[in-house]
Amino acid sequence: MEAACTAVHGRGLGRPLSFYKGILPPILAETPKRAVKFFTFERYKTLFSFGSPTPSAMAFTLAGLCSGLTEAVIINPFEVVKVKLQAQRIALSQQPSTIRTAQEIVRTDGLGLRGLNKGLTSTLGRHGVFNMIYFGFYHNVKNLIPESKDPKLDFLRKFGIGLTAGTLGSCVNIPFDVAKSRIQGPQPVPGEIKYRTCFATIATVYKEEGYLALYKGLLPKIMRLGPGGAIMLLVYEHVYDWLHHHW
């Protein structure tokens with residue numbers, strides 16, 4: 001009886017924790033991911049300004065695109081490990097560690113596009129398109145709307161533009177996100193690879209499931225990246241200005 005109670009208690013604790021499968025790879029990747037996003041954006045912005053002190057609208061857009069592509073190359077291996085951990089239908093206590101899972105992927109499939117860099121093209125599309133719209137829209141629209149002398153109103157101005165930028169970026173790039181999930185996740189038939197490449201996967205999903213299937217998961221994505229993207233831009237600008245004036 002005592003053993004049975006212990007087992008039930010363990011299963012009861014394990015179920016809520018199952019929602020956090022694969023949490024370690026995003027935690028490990030988040031800080032370098034954001035650092036790469038904003039650092040490379042500033043570098044690309046300078047590059048595409050061609051010596052001009054005032055970047056053009058195209059410079060902001062191209063800098064966003066290139067920063068997203070750079071970010072994708074760094075983040076993709078973490079995404080592959082995360083998806084594999086989340087797809088495992090076992091209790092969290094029985095799940096192999098993040099390092100062991102990564103080692104298993106490398107040992108079985110290598111470092112290439114079938115292994116730790118599976119789905120790289122769709123990740124490039126996801127991050128490249130999002131950052132292109134995210135940075136391009138935010139900086140170009142912010143320059144068009146006059147600043148307010150009231151700090152609260154100016155905060156709302158920037159937050160609203162950032163919220164819209166994150167929302168638009170999510171709406172446009174989600175087909176790449178769906179393709180990435182299909183490629184990196186479990187295949188419909190075990191042992192048979194149905195989803196191989198980015199654009200072929202998008203075409204297959206559209207043909208078999210319809211246009212709206214390419215927008216699965218859009219609402220939670222917007223809820224995360226809309227306000228999250230706005231907060232991230234505001235924090236970055238505040239820290240950047242502080243460092244610029246004090247360092």
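Visitor: Why is F50 called exposed?
Guide: In this predicted model, F50 has a relative accessible area of 70%; exposed is the word for values over 50%, and F50 is therefore counted as exposed.

Visitor: What makes F38 buried rather than exposed?
Guide: F38, which belongs to helix α2, has a relative accessible area of 7%; the cut-off for buried is under 20%, so F38 is classed as buried. Setting aside the neighbours within four places in sequence, F38 is in contact with F135, M232, L233 and Y236. The C-alpha atom of F38 is also 9.6 Å from that of G68, a residue 30 positions away along the chain.

Visitor: How many helices and strands does the protein chain have, and what share of its residues is buried?
Guide: The protein chain has eight helices and zero strands, which gives the pattern α-α-α-α-α-α-α-α when it is read along the sequence. Of its 247 residues, 40% are buried, and among the contacts with a separation of 6 or more, 71% are between residues 24 or more positions apart.

Visitor: Which residues make the contact of α6 with α8, and how do they divide by class?
Guide: On α6 the contributors include F155, F159, L163, G166, C171 and I174, while on α8 they include L218, I222, L225, G229, L233 and L234. By class, this contact has 13 nonpolar, seven polar and four charged residues.

Visitor: How do you know how many disulfides there are, and what is the accessibility of C66 and of C171?
Guide: A disulfide is a covalent bond between the sulfur atoms of two cysteines. The test asks for a pair of cysteine sulfur atoms within 2.5 Å, and a search of the whole structure with it finds zero disulfides. C66 has a relative accessible area of 19% and is therefore buried, being under the 20% limit, whereas C171, at 26%, falls between the 20% and 50% limits and so is partly exposed.

Visitor: At what angle do α3 and α5 pack, and how far apart are their axes?
Guide: Helix α3 and helix α5 (residues 120–144) pack at about 145°, with their axes 6 Å apart, and α3 passes α5 in a right-handed crossing. The residues of this contact divide into eleven nonpolar, 13 polar and three charged.

Visitor: Why does T123 count as buried, and what makes T70 partly exposed?
Guide: T123 lies in helix α5 and has 0% relative accessibility, which is under 20%, so the label buried applies. T70 lies in helix α3, and its 23% relative accessibility falls between the 20% and 50% limits, so T70 counts as partly exposed. Leaving out neighbours within four places in sequence, T123 is in contact with A72, I75, N76, K180 and Q184, while T70 is in contact with V36, T40 and Y44. The C-alpha atoms of T70 and L124, 54 residues apart along the chain, are separated by 8.2 Å.

Visitor: How do you know that V129 is buried, and which residues does it touch?
Guide: V129, found in helix α5, has a relative accessible area of 16%, and because this is under 20%, V129 is classed as buried. Not counting residues up to four places away in sequence, V129 touches L124, V172, N173 and F176. Between the C-alpha atoms of V129 and G169, which are 40 residues apart along the chain, the separation is 7.0 Å.

Notes: Residues numbered from 1 in each chain as written. Predicted model: local features only at pLDDT ≥ 70, side-chain atom pairs only at ≥ 80, totals over all residues. Heavy atoms only, no water. Contact = heavy atoms within 4.5 Å. Helix = DSSP H or I, 4+ residues; strand = E, 2+ residues; numbered from the N terminus. Nonpolar A, V, L, I, M, F, W, Y, C, P; charged D, E, K, R; others polar. Buried < 20%, exposed > 50% of the residue type's maximum accessible area, 1.4 Å probe, protein only. Axes fitted to C-alpha atoms, helices over the stretch in contact; angles between N-to-C directions. Left-handed = near helix turned anticlockwise from the far one by under 90°.
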